[in-house]
Each structure stands twice: as C-alpha cells, then as structure tokens.
Amino acid sequence: MEGELPATLLGQLLSLADKADTLASCFSIGLIPKGSSDPFALRRAAQGIVRILAEGEAALSLEAFYGEDASLLEFFKDRVRYYYRDVRGYSYDEVSAAMAAGFHDLKDTGSRLQALREVRPTKNFEPIAANFKRIQNILEAGRVSRRRRRGFRSAGGGSRTHAPQRVFARAGWRPAHAGRGRLPGGARGNRQSAPRRGRVF
C-alpha cells in the first residue's frame, strides 16, 4: 500500500470520513466493484480505512463504516484479509483463525495475529491445536444430537405414552380412561363413542 498515513489524529479522522463517504455513496446506488473493474477506486478507499484503523491513532471500530450493509461488510472483510496476508505477511490460516474471533477492532486483530505467529513454532502448539479441534468436534456433535432429539419430540415421534390416544382419536373413538389415568386391567373403549361406519385408521 502506497503513501504515508496522515501525521495527526485529526488528519486521520478527516481521511476516514472522506473515504467512508465515498464508499457509502457508491454502495447505496449499486456501484460495487466486480472482478477487476473498480472505476471509482473503492478497494483503495476501503484499504485506506483498514490501514488507518490498524496502524493509526484513531480508536474506531470497523463496524462503524459498514453499519447494516451486508455487501459493504463483505467488501471490508475481503480488504482486511488482503491487508494482513499481502501487506503484513501473515499466512492464510493465521488470518482466518484471527478473523474468526472477530475483526472489528483491527488493532486487537493485529495483536492476536502477532501472538499466534509467536506461539505457532513452539512444540506444544500442534498438540494443543489438535486437541482443541477434537473437543470442538465432540461439542458440535453433541449440539447436533440434542437438536435432532428436540425435533423428534416436537414431531411427536418421541412420545409413546400418548401414541394410542392419537390412534383412537383418528378413528373417532375415545378410551374410557382417557384423561383420568390408566384403569386396572387395561383400557376399555367407550361404546357410546364407537367409530362410525366407513371410518378407517
């Protein structure tokens, strides 16, 4: 990335405001860069914002520059990846790991990347990372299993106690013990509410 950062905090804030205004205006009318085409240098503007927030004095969150605009969020995310990989020289997996924990505070993201780079060559890093991934997979499998059980119960498949009543209800016949608990000797039907002819289960 070319050029020097503005020397003062005020200069940095003015530069951020100018670049943010350009991006917001263009994105609001659909002028979003596609492929290699970028006639309004929007990638350069976004890259300037990322660099100022990462290296300058302005303590601002990147979230303030895209708000609720999902396309602008993805645009900035791509610029953050580019900055840390191609400008700062971090590896793809290091950048992905750091950004997965959040990237709105770019100074904090940079600190996490530096810490990750320092700890990665140590002998305990790979075993710890492998164990963490294994634990994460086990926890995720448990969450999936619980969601499936909840879905099964909500569909009625997990309730055996009321299955006979559902069958009786479909046939238009209500057991005499329904709603009062099971009677000694088992359930007996109510002859007065016998199913009509032609009705099938």
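T109 is found in helix α5 of this predicted model. Helices here are DSSP runs of H or I with at least four residues, numbered from the N terminus. T109 is buried, with a relative accessible area of 1%. Buried means under 20% relative accessible area, exposed over 50%, and partly exposed in between (1.4 Å probe, protein chains only). Not counting residues up to four places away in sequence, T109 touches Y84, A98, G102 and F103. Contact means heavy atoms within 4.5 Å.

Residues are numbered from 1 along each chain as its sequence is written, and side-chain values use heavy atoms, with hydrogens and water left out. In this predicted model, local features need pLDDT of at least 70 and side-chain atom pairs count only at pLDDT 80 or more, while totals for chains, interfaces and linings use all residues.

Helix α4 spans residues 92-100, and its buried residues are E94, V95, A98 and M99. They cover an arc of only 120 degrees around the axis, which puts them on the same side of α4. The arc is that of the directions from the helix axis to the C-beta atoms. The cover over these buried residues includes α3 (70-87) and α5 (106-119). Exposed residues Y92 and A100 lie on the face turned away from the buried side of α4. G102 follows α4 and has a positive phi, near 115 degrees.

The largest nonpolar core has 29 residues. Such a core is a set of buried Ala, Val, Leu, Ile, Met, Phe, Trp, Tyr and Cys residues joined through side-chain atoms within 4.5 Å. L23, I49, L62, F76, V80 and Y84 touch the most other members. The elements giving two or more residues to this core are α1 (9-28), α2 (42-55), α3, α4 and α5. The most come from α2, with 8 residues. Leaving aside residues up to four places away in sequence, L23 touches L42, A45, A46, I49, F75 and F76.

A41 lies in the loop between α1 and α2. A41 is not a glycine, yet its phi is positive, about 50 degrees. This residue is partly exposed, with a relative accessible area of 35%.

The structure holds 3 aromatic pairs. Rings of Phe, Tyr and Trp (its six-membered ring) pair if their centres lie within 6.5 Å. Y83, Y84 and Y90 are linked into a cluster by ring pairs. The charged end of R79 sits over the ring of Y82, 5.1 Å from its centre. For this, NZ of Lys or CZ of Arg must be within 6 Å of the ring centre and within 35 degrees of the ring normal.

How values were computed:
Rings of Phe, Tyr and Trp (its six-membered ring) pair if their centres lie within 6.5 Å; planes under 30 degrees apart count as stacked, over 60 as edge-to-face and the rest as tilted.
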